[in-house]
Amino acid sequence: MKQGFLRVASVAPRVSPADVDFNVIQIKNSLVALADKGVEVAVFPEMSVTGYTCADLFHNRTLLAASADALAELKEFSKTVDVHFIVGAPLEVSGALYNCAVLFRNGRVDVTAKRYIPNYNEFYERRWWRPIEPQTKTVVKIAGEDAVISGAKVFESHGALLGIEICEDLWVPVPPSCALAMAGATVIFNLSASDDLIGKYNYLRSLIQQQSARCLCGYVYAGAGWGESSTDLVFDGKAIIADNGRILAANRRWTPDDNTAISDIDIEALERDRLHTTTFADCAAEMAVRPEAENFNPSDRVTDIHHRLLRRIDPLPFVPSDNAEMEERCDEILNIQAAGLARRLDAIRCRTLTVGISGGLDSTLALLVAVKTFDRLGLDRKGIIGVTMPGFGTTDRTHDNAVALMEALGVTSREIPIADAVNQHFKDIGHDPAVHDVTYENSQARERTQILMDVANQTGGIVLGTGDLSELALGWATYNGDHMSMYGVNASVPKTLVKYLVNAFAVEHGKDSLISRLLEDIIDTPISPELIPAAPDGTIKQKTEDLVGPYELHDFFLYYTLRYGFTPERILYLALQAFDSAVYPEEVIRKWLDTFERRFFAQQFKRSCLPDGPKVGSVCLSPRGDWRMPSDASSALWRKF
C-alpha cells in the first residue's frame, strides 16, 4: 500500500461452466495483467473456478476433484505474483459442501464460506450448499496443506485489513460485512453471481454505496459474467468498486472484454472517519463483535510522493463537477443560509439588517441571502440597509456594481465614505498615511465595522457578517473589523464555492436581466480587500491571491485538513495528483501549503470568538461545534514536510 491507498481490482472474467482448466487460465491471465498495473488485491466472482451455474454437477466427484486441483495450482501460482487474490470454489468439509471464497497471499491460503444461502425465486442454492455459522472454524486440505475455513475472519493484506462476504450475504438485513467492518476490516470483497433483472443493477449499486457508507469501508464487488449458462438466467458481468458511499469504478456490463474495474481505496481516510465517528466503535462494543482479526503492520504503507493513483482526486473538493449536482448543492446551501438567518431574525424580533456592500463576491452573497430571507419572511426589502463605504482603494468598478445591485434588488442603500474619518484616526494615533502597512489597512476595516455597528443600532437591527470559511481558515480578516458581526451568514461557505452560489442567483433572475449582468461582472472581479490605493488606470492593485496564495489551493488544503485530518505530507501528495503540474509545480504547492499551515495555526485566536452562523457542509470552523483548537498551538510539526 502506497500513501495509505490500497489498489484493488474487481474482475468478472469469461467463464465456462464445469470447464475448470479454462476458468483457471482466465484467472491467471487476469492476475498477470493486474500485477503490471500495481494491483494489490483482486477479487473474482462466486464459483469462479467452476462456474456458478453447474447446479447438480457440484455433487459430482469429477468436478470437485478438478476444483481441488485448480486450487492447488492457484496456490503455487500465487507465489509468483504479488497480487493477493480471492476466487470462488466449492469445498467439502465433514460430509457437507460449502460455497467458499479462497484467499491466496503469496502461497498462503485462507477460506471464508457463504453465510446466507438463498432458496427463493430463481435460487435453489440449499440444494447444494450448507450455510456456515459465524464462529465456525474448521480445517480443510488444499494442496496437501491445512487451510482454515472461517465463518467470520478479518485478513491482513499489504498493510490493510480485509473482510470477505459472498453474494447473498450483502442482501440480508444485517450483512456479515457489518461485523467484519466493526472488527477492523476497511475493505470488503464480495464474490457474487447475481443474475440480472430489470432495475436490479441500479438497486445493487445503491446497496453497495449504502453498505460502504454505513460501514465506513471500501467495497469491491465481482459478479459472474460472460459464459455462465443462460438456461434460465442471464449474467451481465458486474465489476464495481465503492468507497465510503461513492462508486469509484465500474465496468461496462454485457461486454465480454470490459470485465475489470480497478481503483485505489483510501484506507487512511476510512480509518480517520472511523476514529472521528465515535459511534462506530460504540456500535461494535454494543454488538459485541468478535470476529477473528489478523494483526497488520502499518509500516507496509510505502511513502512515494510521485506514485500515481488510479482514482481522481478532485482539485475543487467543495465544488461538484456535475451540473445537476451543483444546482442542487447551491439550492440547498442557499436555503440553509436563509433558514438560519430567518430563525435568528425571528428569535430576536428583528426586522432590519445592516450589511456592508463592497461590490465583491462575499458581500454580494450575503446581500442575496438577506433578500431571500426577507422575501421568505414577508418583510419589506427596504429593511435591508446596504452600506457602501468607499475608501482609499475602492475602484469605480466595485463601487458602481455595489450601488447598482442594491438599487436593482430594491434594498435601502446608504453611502458613507471613510477617508476623512480614517485620516483623522491616523492623526490621532500618529500614523503616516503614506505608510501602507497593516495599520493603514486595518484602520479602514475597523472604521467600516464601526459604521455598520452604529447604523445597526440606529435602525434597530443587526450587522450581517460577510466573511467566508476560507478567510477564517487563513485569518484573512481584521480582528474586530470585518471579523466581527452579529450573524456570519457565509461563515461555512468556502471561497471556491461562493461564485457558484452567486451565479445561482444570476441564473434565477434570467441571463439578460440587469441583476444577472451585475452578478456576472462581480463574479469576474478579482478578489481584493481594496485597502491599498488603486493602480493609476483605476484598476484593482491589491489582489488577495497574490498575497496569501490561490484560494483553490487553500480550499483543497483546508478540506483535507479538517475533513480527514491528513498530514501535510499526504495533502501534498494528493495536491500533486489533483492539480496540473504546469499550473502548480511541486515547489509552488509546497510554498502555499506551508503558508496555509502557518496561518491556520497562528490565526486560531480569531476563530475562537466567531459570531454565530449556519453550518452548511461537513467542513466548518465554528468554535462551538466543529473545530476546537488552542490559540497557542504550535504549527512546528505541520511544517516539517
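View 1. The structure shown is a predicted model, in which local features need pLDDT of at least 70, side-chain atom pairs count only at pLDDT 80 or more, and totals for chains, interfaces and linings use all residues. Residues are numbered from 1 along each chain as its sequence is written, and side-chain values use heavy atoms, with hydrogens and water left out. Strand 4 (residues 96-105) and strand 5 pair in the antiparallel sense over 6 bridges; two strands pair if DSSP finds at least two bridges between them, and strands (E, at least two residues) and helices (H or I, at least four) are DSSP runs numbered from the N terminus. The hairpin of these strands has 2 residues between them, and in it Asn106 takes a positive phi near 50°. Strand 5 is also joined by 2 bridges to strand 7 (residues 145-150), the two running parallel, and here Thr112 stands opposite Ser150. Because 5 of the 6 residues of strand 5 (residues 108-113) are buried, this strand is largely enclosed by the rest of the structure; buried means under 20% relative accessible area, with a 1.4 Å probe and protein chains only.

**View 2. The open sheet of 5 strands, with parallel pairing, in the order 18-17-16-19-20.** Its edge strands, each pairing on one side only, are strand 18 (412-415) and strand 20 (487-488). Helix 9 (residues 396-409) packs on the sheet, where it touches strand 17 (384-388) and strand 18, and its direction makes about 165° with that of strand 17; such angles run from 0 to 180 degrees between N-to-C directions, the axes being lines fitted to C-alpha atoms, for helices over the stretch in contact. Strand 16 (residues 353-356) and strand 19 (residues 462-465) pair in the parallel sense over 2 bridges, and Leu353 stands opposite Ile462 in strand 19.

**View 3. Glu168, in the loop between strand 9 (160-166) and helix 3 (176-182).** Glu168 is buried yet has no salt bridge, and Lys114, the nearest side chain of opposite charge, is 6.1 Å away; a salt bridge requires a side-chain nitrogen of Lys or Arg within 4 Å of a carboxyl oxygen of Asp or Glu.

**View 4. Asp236, in the loop between strand 11 (218-223) and strand 12 (239-243).** Asp236 counts as buried because its relative accessibility is 3%. Leaving aside neighbours within four places in sequence, Asp236 is in contact with several residues, including Asp196, Tyr201 and Arg253, where contact means heavy atoms within 4.5 Å.

Terms used: Buried < 20%, exposed > 50% of the residue type's maximum accessible area, 1.4 Å probe, protein only. Lys, Arg positive; Asp, Glu negative; His and termini not counted.
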